[in-house]
Amino acid sequence: MVEFALVLPVLVTIVFVLVQIGLTFNSYLRVTDAARVAARAAAVARFNGQDPCDAAQAAVPAEFRASLQCSFPNSSEQPGNPVEVTITQGWNIDLPLLPLSKSGTLSSSSTERLE
Amino acid sequence: MRGVRREDGQSLVFVIVAMTSFVLLMALVVDVGLWLQTQRKVQSVADAAALAGVQSLPFNQPQADADARAYAQLNSRDAAIDSVDFPSGDTISVQASERVTGFFSSLAGITSVTAKAHAAARTGPAELLSNADLQKAGSTVITPLVVNESAADCLPGCLGIDVTLRFDDADHRGSELGVMCPGGCGSTGASRNRLRGWINCSPCLPGSFGPAGGTVDVAAAPAGATNGGQVRGALQRRVGTTVILPVFDDANSASYHLAAFAAFVLDDVSWRNDSPSCRPDCKVVTGRFITYRAPGALASTDTGAPDYGVSVVGLTT
């Protein structure tokens with residue numbers, strides 16, 4: 001039992017790391033999907049009489065709106081030109097009881113052709 | 001103390017089993033997470049490429065191919081386009097892939113995995129249009145002008161090239177151009193003023209048109225309604241702008257049967273009062289057919305309807 005008590009914190013820490021890595025990948029998937037959805041909304045915004053970047057903002061969950069960047073690589077909002085949407089979100093892995101933490105940013109871009 | 005075994009090392013066995021399980025779980029979480037993330041990204045690349053390429057169909061396949069590859073490149077430097085195919089004249093199919101290197105799977109001898117994605121997009125003719133929807137998307141609207149299917153059949157060869165469309169009041173069916181008047185027009189000043197208003201979009205021509213639930217049989221404007229300065233002046237103010245022309249596939253002196261849509265840039269208008277001496281050149285417009293991406297949903301199945309340049313696009317897989 002003594003050995004197990006010694007090893008238990010290590011095992012628990014590994015479990016926490018596993019869970020947090022899983023959550024981070026889930027966030028990355030959500031950021032990637034949000035960028036794709038926003039770019040698609042921007043590409044067809046004209047049909048609803050909307051500004052492409054406003055449509056991109058409206059298409060994503062509220063948590064991504066502050067970091068959403070929308071640009072026109074050809075400096076034109078006319079149909080046939082690209083619109084690029086980038087969404088950035090922070091990630092953070094904290095280990096309980098240990099002074100170890102790691103953080104960074106997840107970023108995903110999507111470029112679609114304005115219809 | 002026979003029968004009582006020592007407990008030394010019991011935790012060692014448990015820890016070895018637990019650690020092995022955790023390392024395998026870690027491999028699953030990290031590597032599979034990475035593969036899933038890459039797969040979603042590659043799917044996004046393929047979708048964007050197909051939707052960019054389909055916009056040049058059905059008239060320009062080489063351009064569609066080039067656009068698909070260009071947008072794949074814009075979306076990812078790592079993903080590769082394996083193939084761009086055209087299963088039919090109005091459909092583009094894109095295969096994309098990216099190699100993903102795992103952290104833990106390489107220990108098991110799996111150095112990399114290829115994430116693949118497929119996307120197909122189709123273009124189809126717009127089958128239902130209304131000025132209410134078109135106005136949201138810009139200033140291009142339907143005016144009372146209609147074009148004969150036989151004249152629009154010059155597409156795609158005449159795309160962007162000046163063509164002349166004549167309206168002969170004495171031969172609606174044989175004319176390249178026509179003037180419709182939903183609800184019916186007479187030879188009165190009120191009818192001419194109504195046509196002038198519709199041409200200038202003040203107010204725009206009401207209602208929806210097209211075979212998918214809109215008006216398909218529409219009254220033709222008689223000569224008396226299109227003579228005079230109102231229609232001529234209104235058309236001259238349209239010079240330089242794009243209008244949507246419903247395409248008719250049958251007509252008589254009283255009505256047109258609408259089947260599709262074309263987009264036309266008016267370059268010149270020569271509009272005189274109808275008279276036997278000037279027929280069939282009394283009323284002539286010159287301009288270019290262009291392509292126009294219209295609002296609306298793509299029909300769930302390919303109806304095989306002719307595409308005269310006004311189309312909608314969408315992903316099919």
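## The five-stranded sheet of chain B

In chain B of this predicted model, five strands form an open sheet of mixed pairing, in the order β1-β2-β3-β15-β14. Because β1 (80-88) and β14 of chain B stand at the edges with a single partner strand each, one side of each is left without a neighbour in the sheet. Strands here are DSSP runs of E with at least two residues, while helices are runs of H or I with at least four, and both are numbered from the N terminus; two strands pair if DSSP finds at least two bridges between them.

Strand β15 of chain B (residues 310-315) can be followed on both of its sides. With strand β3 of chain B (residues 113-125) it runs antiparallel, and five bridges join the two; within this pairing B:Gly124 stands opposite B:Val312, and B:Pro125 has B:Ser311 as its bridge partner. With strand β14 of chain B (residues 292-293), β15(B) pairs in the parallel sense over two bridges, and here B:Ser311 is the bridge partner of B:Arg293. In general, the side chains of a regular strand alternate between the two faces of the sheet.

## Helices on the sheet

Helix α1 of chain B (residues 10-53) lies across β1, β2 (91-100), β3 and β15 of chain B, and it runs at about 25° to β3(B). Helix α2 of chain B (residues 61-75) also packs on the sheet, where it touches β1 and β2 of chain B, and its direction makes about 150° with that of β1(B). Such angles run from 0 to 180 degrees between N-to-C directions, with axes fitted as lines to C-alpha atoms, for helices over the stretch in contact; two residues are in contact if their C-beta atoms, placed from the backbone, lie within 7 Å.

## The shape of chain A

Chain A has three helices and three strands, and from the N terminus on its elements run α-α-α-β-β-β. The C-alpha atoms of chain A fill a box of roughly 70 × 20 × 20 Å along the principal axes. The radius of gyration of chain A is 20 Å, whereas a compact globule of 115 residues would have one near 13 Å; this radius is taken over C-alpha atoms, and the globule rule is 2.2 Å times the number of residues to the power 0.38.

Of the 115 residues of chain A, 31% count as buried, a word used when 20 or more other C-beta atoms lie within 10 Å of a residue's own, while 12 or fewer make it exposed and numbers in between make it partly exposed. Among the contacts in chain A with a separation of 6 or more, 55% come from residues 24 or more positions apart.

## Particular backbone points

Two peptide bonds of chain B deserve attention in the loops. The bond from B:Leu155 to B:Pro156 is cis, with omega near 0°, and B:Pro156 has its place in the loop between α4 (149-152) and β7 (162-167) of chain B. The bond from B:Arg279 to B:Pro280 is cis as well, with omega near 0°, and B:Pro280 lies in the loop between β12 (255-271) and β13 (283-290) of chain B.

Where is A:Ser75, which has a positive phi of about 55° although it is not a glycine? A:Ser75 is found in the loop between β1 (69-71) and β2 (82-94) of chain A, and it is exposed because 7 other C-beta atoms lie within 10 Å. B:Cys201, also a residue other than glycine, has a positive phi near 60° and sits in the loop between α5 (189-200) and β9 (208-209) of chain B; with 19 C-beta neighbours inside 10 Å, B:Cys201 counts as partly exposed.

## How the model is read

Residues are numbered from 1 along each chain as its sequence is written, and chains are lettered from A and ligands numbered from 1 in the order in which they are written. As the model is predicted, local features need pLDDT of at least 70 and side-chain atom pairs count only at pLDDT 80 or more, while totals for chains, interfaces and linings use all residues.
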